[in-house]
Structure formats: C-alpha cells, structure tokens
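Thanks for passing this one over. Here are my notes, point by point, to read with the model open beside you.

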Amino acid sequence: MFNQNETDTSIHGSTKPARRRRIAGALGVVALAGGLAAMVPTQVASAAPANLFAKVAADGSLLAGPSVARVDRLGTGQYEVSLGTDVRNCSYVATTTNIYSQALQAYTAGGHLSTNGIYVETKNQGGGLTDGAFNVAAVCGNPGTSFAVVGYSADLVRSSSGASLTNLGSGRYNVSFANSVSNCAFLASVGDPGASLVFNPSGVYTSRGPNANTVYIETKNPGGGLQSGVPFHLGVVCPSTASASEVVVDKGGMPRRGSNLASAFGQSTGNFQVVTGRDLTKCAVLATRGQPDSSVPFNPATVEITTGLAKNTAGIQVRQLLFFG
C-alpha cells in the first residue's frame with residue numbers, strides 16, 4: 001500500500017536535520033473555522049460550543065482559536081490550551097505542524113490548570129519532549145460530530161450518547177455510534193483519558209468498521225507492532241458539521257468522501273494538498289493516518305500539517321516512522 005523513497009539517515013529521538021522516508025497513505029483531514037455562534041450538543045450531558053480549537057506555535061503563541069482564553073507553555077513540549085468552557089466531557093485530538101526535519105507527534109490529556117483546559121505534549125519519535133507547533137480541537141458531540149475516549153484497560157471512559165466499544169484483541173478496537181459515520185472523517189490521538197501524562201510515543205490509526213456506524217481503530221508501538229494499553233481520543237467529523245470541512249484522501253491523493261467543495265491531490269510521495277472552499281488562515285487543520293475503506297491500516301506513519309499553496313489549501317505530509325523497517 002505504500003511507496004517509499006529516500007534513505008533514513010536520521011538520529012532516533014532527535015530533531016536534527018535528516019533525510020526522511022516519505023510514504024503515501026490514506027488520510028482523514030478536517031479544517032475547523034472560527035467566529036462561530038455557540039451550539040448546544042444533543043449527545044453529551046454538558047453543553048459546549050461548537051468547533052473548540054486552537055492553532056498554536058512552538059513557543060506557545062496562539063495563532064488562531066476564537067474560543068481560546070489563553071495558552072500556557074508549561075515546559076519544553078508541554079502546553080495547556082484554556083478554552084472558555086468546561087471540556088471534560090469531550091475528546092481531544094491534535095496534529096503537529098511541520099517545523100523540523102523529523103516529524104513530531106502530539107499527545108493529549110485533560111487540563112492540568114482547569115476543567116476548561118486541554119493539555120498537549122509534543123514529542124520526537126524517541127519519546128523526548130520537544131517544542132512543536134500544533135493544532136488541537138475538542139470534539140464534544142455537537143451536531144455533525146461524535147466522539148469516544150478509550151482508557152488503558154480498553155474501557156470506554158466517555159463518549160457520545162449510544163456509543164459502544166468492542167475490544168478485538170491486542171491494539172484492535174471497534175467503536176460503534178448511534179448514527180451512521182460512513183461519510184465522515186475519523187481523527188484520533190493517543191491521549192490520557194483524564195489529566196495525567198502519556199509516556200509512550202505510540203500511534204493510533206483508523207479505518208471504517210464492519211458497518212456504517214462503526215470506526216475501526218488500531219494502536220501500535222513505534223516499531224509498528226500492535227500494542228494494547230494505549231489510551232486514545234477519537235473524534236468523528238461529518239459533512240453536516242457547522243463551519244468545518246472534512247475530506248478522506250486515499251494514498252494516491254484522490255478524495256474518497258468529504259464535505260462539498262473539499263478536495264485533495266498528491267504533490268509527491270507522502271505530500272498532499274487539501275483544497276477547501278474557505279480561507280484556512282485562521283482555521284485549525286487536523287489529520288490522522290488511516291484507510292479510506294474497511295481495510296487494515298497496516299503501515300504506521302506520522303502525519304503533520306504543512307504550508308498550503310493558497311489560502312484555501314493546507315498541506316499534509318505523511319512519513320514512515322523512523323523506527324519502522
């Protein structure tokens with residue numbers, strides 16, 4: 001499923017310049033726009049405004065996020081995004097923005113400073129904390145979205161109303177929702193279900209499940225092996241989500257499903273451009289490695305946001321893990 005070029009000569013666990021292997025893979029990509037009126041969700045007990053997101057620079061500066069009260073840089077690679085509402089009943093998904101030759105990965109948890117916060121750590125592939133730019137969103141079950149948060153013991157910690165979890169074996173899960181998610185994008189991040197830390201630099205990958213209501217999830221270690229005990233946050237964003245664009249892209253860069261006016265194309269191996277009908281300058285763009293159908297997302301990879309060719313586009317880069325192969 002993956003084409004490869006370039007030889008990896010980088011140092012594991014560092015952010016020093018290196019030549020990288022790039023791979024082509026299917027993606028779920030979502031762009032969230034700002035300036036929104038609050039919407040009351042129908043599937044969670046505690047109401048939260050729609051499209052709670054932040055676009056954050058490596059130094060902790062807030063680049064976009066109309067509902068963000070502040071961003072605190074708590075230490076190297078450690079950040080807290082404080083929103084204007086309680087987000088404890090939500091899932092937290094994040095994607096790093098490419099600023100180094102080695103891809104970073106983002107990990108999430110509940111706020112350490114308040115119940116309005118999302119805690120984010122950015123790490124290199126050796127697991128070391130490294131300052132990094134990122135986009136993060138709270139998915140709270142507002143109209144057009146669904147979510148689930150799964151704990152260390154394969155337990156469903158919180159979710160949209162009517163969701164269920166099936167543990168299929170080591171690092172393999174089905175998350176089923178009350179409504180069809182077959183036309184939606186699936187975003188996932190490794191993250192603590194509470195407000196603790198996630199120490200292992202593992203990955204989480206998505207595809208369609210065995211029916212229209214289900215998302216299939218795999219959690220893997222940095223070597224690409226299925227790994228149990230990895231907590232994750234899942235956010236499902238559908239075309240009906242207010243002020244958001246979503247598109248699912250296959251390994252060749254072709255859009256397989258998504259919002260109206262959302263498209264994509266491949267620039268080169270592992271490099272894609274997502275095209276929307278809106279200015280993305282003040283939006284958060286998030287992406288997850290997965291499969292556009294119900295096949296297994298076999299090869300692990302990192303995904304980062306890169307510069308778009310125009311204001312209505314965003315770049316996505318997919319890379320082979322440094323430890324893989």
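**Notes on the predicted model**

1. The largest pocket holds about 290 Å³ of space. Of its 19 lining residues, those closest to its centre are Lys55, Leu280, Ile305, Thr306 and Thr307. A pocket here is an open set of points on a 1 Å grid over the protein atoms alone, where a 1.4 Å probe fits, with protein on both sides within 12 Å along at least five of seven lines; lining residues have an atom within 4 Å of a point. Points are joined across faces, edges and corners, and the volume is the space filled by probe spheres set on them.

2. Before going further, some housekeeping: this is a predicted model, so local features need pLDDT of at least 70 and side-chain atom pairs count only at pLDDT 80 or more, while totals for chains, interfaces and linings use all residues. Numbering runs from 1 along each chain as its sequence is written, and side-chain values use heavy atoms, with hydrogens and water left out.

3. Back to the pocket: by class, its lining has 10 nonpolar, 7 polar and 2 charged residues. Ala, Val, Leu, Ile, Met, Phe, Trp, Tyr, Cys and Pro count as nonpolar, Asp, Glu, Lys and Arg as charged, and the others, Gly among them, as polar.

4. Have a look at strand β11 (residues 134-139): 6 of its 6 residues are buried, so the rest of the structure largely encloses it. Strands are DSSP E runs of at least two residues, numbered from the N terminus; buried means under 20% relative accessible area, exposed over 50%, and partly exposed in between (1.4 Å probe, protein chains only). Phe134, Val136 and Ala138 cover one side of β11, with Asn135, Ala137 and Val139 on the other.

5. Which strands pair with β11? Strand β4 (residues 52-56) runs antiparallel to β11, joined by 5 bridges, and Ala54 has Val136 as its bridge partner. Strand β8 (residues 91-96) is also antiparallel to β11, over 6 bridges, and Thr96 stands opposite Phe134. Pairing takes at least two DSSP bridges between two strands.

6. Two backbone spots to check: Ala154, in the loop between β12 (145-150) and β13 (156-159), has a positive phi near 55 degrees. Ser243, in the loop between β19 (232-237) and β20 (244-249), has a positive phi near 50 degrees. Ser243 is partly exposed, at 29% relative accessible area.

7. Lys123 lies over the face of Tyr107, 5.5 Å from the ring centre, and Lys220 over that of Phe298, at 5.4 Å. The test is NZ of Lys or CZ of Arg within 6 Å of the ring centre and within 35 degrees of the ring normal.

How values were computed:
Helices (H or I, at least four residues) and strands (E, at least two) are DSSP runs, numbered from the N terminus.
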